[in-house]
Amino acid sequence: MTHHKTHSQPKLPTRDRVLDAAERLLAVGSAAFSMRELAEEAGVSFATPFNQFGSKAAIMLALSARLIASMQQKFAQASLPDTASARALLAVDIAVSVMLAAPGVNRAIMSPSDDPGEVSSRSAALWAEAFGDGTALLPATRPLALAILPNQLATAFRGVLSFWTAGEIPDRLLKKRARAAAATVLLGFVSREDRIHLICLLQEVS
């Protein structure tokens with residue numbers, strides 16, 4: 001009698017199984033999936049998605065938070081340039097690459113929700129990390145820059161993504177538009193040398 005060895009993969013936490021299932025449904029164009037369909041896709045009971053998240057809107061917000069966490073992880077692993085503005089642009093490039101890794105899924109995740117979440121604060125945390133101590137920002141306005149720019153960049157990037165989600169910005173232009181939005185926000189707080197570089201970025205989309 002032959003015995004077959006089975007190698008079982010460790011089970012994902014239930015919360016991640018539900019989120020992964022939601023991503024799979026979004027990937028095949030099922031943005032209007034029901035919670036019952038989600039439970040079936042995740043291989044859990046009908047009540048589980050409700051118990052874990054409470055609502056479909058909360059699931060979409062959790063997916064958005066997971067996107068931002070992925071951006072932060074990639075940024076933390078990147079080789080960082082010296083200046084705050086260059087690091088902010090690197091954060092833009094990383095964020096765009098994450099969004100374009102699964103455009104259909106991420107457009108659906110970005111769709112407006114009636115439920116308030118923490119997307120703004122999570123996004124601002126990414127930009128705050130990019131700025132660090134504000135190296136090469138103008139000394140006179142550095143404290144103001146560090147206080148307001150993370151939120152302003154979060155708002156600017158979200159604005160670009162909203163037009164991308166609506167289909168008004170094609171995938172091929174997303175990086176250029178996002179960099180231009182960041183450059184506009186940064187322009188008044190950087191050194192003369194950095195300002196010239198940012199103006200060149202803006203001229204590329206004019």
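Biologist: What share of the contacts in the chain between residues at least 6 apart in sequence join residues at least 24 apart?

Modeller: In this predicted model, the share is 66%. A pair counts as a contact when heavy atoms lie within 4.5 Å.

Biologist: What makes the secondary structure of the chain helical, and how many strands does the chain have?

Modeller: The chain has ten helices and zero strands. Read from the N terminus, the order of elements is α-α-α-α-α-α-α-α-α-α.

Biologist: What part of the chain is called buried?

Modeller: The term requires under 20% relative accessible area, and 38% of the 206 residues count as buried. The chain exposes about 11300 Å², with carbon and sulfur atoms supplying 54% of that area.

Biologist: Why is a set of residues here called a nonpolar core?

Modeller: The name applies because such a set consists of buried residues of listed types, among them Leu and Ile, joined through side-chain atoms within 4.5 Å. The largest such core has 62 residues, and Leu38 and Ile59 have the most contacts inside it. Helix H5, residues 84–100, gives this core its largest share, eleven residues.

Biologist: Which residues is isoleucine 59 in contact with, leaving aside its neighbours within four places in sequence?

Modeller: Isoleucine 59 is in contact with Val18, Leu19, Ala22, Met35, Leu38, Pro49 and Phe53, once those neighbours are left aside.

Biologist: How far apart are the mean positions of the positive and negative charges of the chain?

Modeller: The mean positions of the 21 positive and 18 negative charges are 2 Å apart. Along the principal axes, the C-alpha atoms fill a box of roughly 75 × 40 × 30 Å.

How values were computed:
Residues numbered from 1 in each chain as written. Predicted model: local features only at pLDDT ≥ 70, side-chain atom pairs only at ≥ 80, totals over all residues. Heavy atoms only, no water. Helix = DSSP H or I, 4+ residues; strand = E, 2+ residues; numbered from the N terminus. Buried < 20%, exposed > 50% of the residue type's maximum accessible area, 1.4 Å probe, protein only. Areas by Shrake-Rupley, 256 points an atom, 1.4 Å probe, with all protein chains shown as cover. Lys, Arg positive; Asp, Glu negative; His and termini not counted. Charge placed at Lys NZ, Arg CZ, Asp CG, Glu CD.
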